[in-house]
Amino acid sequence: MGILEPTNVYAYKLITKKDYFAPGHRACQGCAEALAVRLVAKALGRDTIVASATGCMEIISSPLPFTSWRVPWIHVAFENAAAVASGAEAGMKVLMRKGKVPKKKITFLAMAGDGGTSDIGIQALSGALERGHDFIYICYDNEAYMNTGIQRSSSTPYGASTTTSPAGKVIPGQTTWKKNVPEIAAAHNIPYVATACPSYPIDLIEKVKKAAKIKGPAYIHILSVCPTGWRLLPELSIKAGRLAVETGVFPLYEVEDGRYRITVDTGELRPVNDYLKIQGRFRHLDESMIAKIQARVVQEYEKLKKR
Amino acid sequence: MGKRIGLEVSLSAAEAVKMANVDCIAAYPITPQTHIVEHLSELVNDGVLDAEFIPVESEHSAMSVSAGASAVGARAFTCTSSQGLALMNEIVHIVASMRLPVVMILANRSMSGPISIWNDHTDVMSIRDCGWIQVFANNGQEVFDHVLFGYRVAESHDVMLPLIINMDGFILTHVIEPIEFWEKEQVEQYLPDFKPIHTLHPDKPVTMGGVGMPSIFSEAKVAQDEPLKQSKSTIISAWKELGDIVGRYYNPIETYRSEDAETLFITQGSYGETVSLAVDELRGDGISVGLIMDRLWRPFPFDEFRKVTGQAKNLIVIDRAISYGGQGGPLAIDLRSVLYKEKNQPDIANFICGLAGRDVTIGDFKTMYHKAMKKVKEHPREEDFEYYGVRGK
Amino acid sequence: MGKTKTDLTWQELEVGATIVTPGNAAEYKSGDWRSMRPVVDNKKCIKCGTCYIFCPDAAIYETAEGFFEADLYYCKGCGICAHECPTQAIEMVEEEE
């Protein structure tokens, strides 16, 4: 049973109306990643300091001289969100210890896309997790380098067509499987790892709040549907995220001190094709590729259930 | 007069960092600066220095961590050399653009390849244009003094720029020199607490590091260059106050027997002291020669250089880095352009020497003098450069 | 509207090009982007807030009566609200010029 039944729609009214991520940002129509950022900002509230990597969310939210951020926010470069957050966390710790800044609970958030996390950012992430900083790392995974125009990353799923893994006559899209970054984070033995999706806003917000309460590093991997890059209608962003969960492509779970728990159980998995067929990036898939994907999804889901 | 002890210069640099009451040390090992961070970790772990010692997983993260710490108002320190500097290169540029007053000791070491752990200036020259304030220390005492000077200048509200202290790897880092420590009261008098202009705190949210569209980028860059250029006055007054407190006065360029010299050596870093001995010997032979030691590299001390080279007929510029395919060493290149519009333009001989720690002796500098005089006679005003002491050349 | 990127002189930039007015992106009219507009039928609306929570642009607000309306200054017309509404109370209509 999930944290809250997805069909209990009235629960949405209990979420705070304050938005720390202001409208007027330049995200595409229907960007579920922007929605995820909005929900995370609601969950964390006022006393948050954000270190962002270069990426979609950074570009659309901070075009000089405008900013969508109503909390302190810093962007330095592409691969170092975790390192910048480490420095901010450590610096603030010392300042509070020395009495230069009044003691209070401030949540440190490092945010990056899948490129800035699983590829170029993996080193800084690993270092920060190993050093045990008290911060949350959130990867907003839209499954490609979307900001630079839809190039593949190690988070791009098998078969997806991107501009650097195009569905060609000889090689049909991405030939490798999605890197499992939540597992990499969990392998660092940090207190909290979770996956989330803005199509399940209560689940997402609860997980973020839990991560904020944890002492030590927390890692949250958020599937962020990108209508532009995934080639689907903007209005289907939420539905696509829901289908990702319902087909088992992106299970929603958390790992608390090594204990695994699936947090949203939608019953029997739907066939993956329900999810793939609404996305233009999978339009070229043939039966055998879909079957491969289906088999793999079931295999991974079974593995997850056994943990 | 403070405590004066014989101590390895690296360790004394760490002691200066401790006296500066830094909050955050980002540490990654690379020869030859490692002794500095090792000693800092001892000071932290023994409870003598109250700071966060962050053993990062690469130099790129060392500068990123320092940026994050400085952005929340913590006094941040890191040090590196050659390859580490190259790895953190993009963040070095960004930290200057964000006006975060990080202080970094650069234990000068040659850039690979071939890989070399020994000392020259190819690393500092690779970031010549990065926007940091850059000074050269010529001996251990200068390194110690300049750590405190570094934070004093970097954190001044009319400056608010990061600062690099160059110290020659091995030649300074690994030798024992007499170092006079400051008294605690002297530090308190000279170096106030860090009070940032903008800082990350929920009570006053700001956004740092926004996107610079073409229509605003140039303004942002001018807004970065102007304070660097104007920081010279703060630098000079900070040096004066340092001198008033501890009795050692520093200048953008230091001169030695230069007032009436027909020929001037120009050096950066620890070679200066060796060249001063060569100058003494040449003077002993009746030769009119003197020495200029450049201490302030960026912002470049245009006026000071033009003034002291005013009456000289020849300059012998000692470079320990090379601009491949260009016109020789970076110091000579900058000097030629500094003197371009001067009515009196000395003949400039440029020697590239001492790469990767190859020893350059007093005798070598005297030989360079004679080589330079030969060039002035046979190929006057040929603004060329020469690799000194390279077999086959 | 505050000074835009084409007005500011270099002296007017904050130190480090820091932006000291949090959330000032709210001055930007992202509503100019849309070609379709959500129209709510309050007779069907059950005031659940689904449209509010799923709007990526925080462009839906709750009225005094508890209904939900699109803030046309920001609404980009993506259609998520119309698609997710459990009672199909929202319809996307073409923007007239």
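**Exercise 1. How far apart do the C-alpha centres of domain 1 and domain 2 of chain B lie?**

Conventions come before the solution. This is a predicted model, in which local features need pLDDT of at least 70, side-chain atom pairs count only at pLDDT 80 or more, and totals for chains, interfaces and linings use all residues. Residues are numbered from 1 along each chain as its sequence is written, while chains are lettered from A and ligands numbered from 1 in the order in which they are written.

*Solution.* 
- Step 1. Take the bounds, which come from an automatic or database domain assignment. Domain 1 of chain B is 4–246 and domain 2 is 253–387.
- Step 2. The C-alpha centres of the two domains of chain B lie 28 Å apart.
- Step 3. Find the contact (C-beta atoms, placed from the backbone, within 7 Å). Domain 1 of chain B gives 27 residues and domain 2 of chain B gives 20.
- Step 4. On the domain 1 side of that contact, α9(B) has the largest share, five residues.

**Exercise 2. Describe the overall build of chain B.**

*Solution.* 
- Step 1. Count elements as DSSP runs, numbered from the N terminus: helices are H or I with at least four residues, strands E with at least two. Chain B has 13 helices and 16 strands.
- Step 2. Apply the globule rule, 2.2 Å times the number of residues to the power 0.38, with the radius of gyration taken over C-alpha atoms. The radius of gyration of chain B is 21 Å, close to the 21 Å the rule gives for 393 residues, so chain B is as compact as a globular protein of that length.
- Step 3. The C-alpha atoms of chain B fill a box of roughly 70 × 55 × 45 Å along the principal axes.

**Exercise 3. Work out which element of chain A gives the largest share of the side that touches chain B.**

*Solution.* 
- Step 1. The contact joins 39 residues of chain A to 39 residues of chain B.
- Step 2. α3(A) gives the largest share of the chain A side, 12 residues.
- Step 3. Strands pair if DSSP finds at least two bridges between them. β2(A) and β9(B) (residues 207–208) pair in the parallel sense over two bridges. A:I74 stands opposite B:M208.

Terms used:
Two residues are in contact if their C-beta atoms, placed from the backbone, lie within 7 Å.
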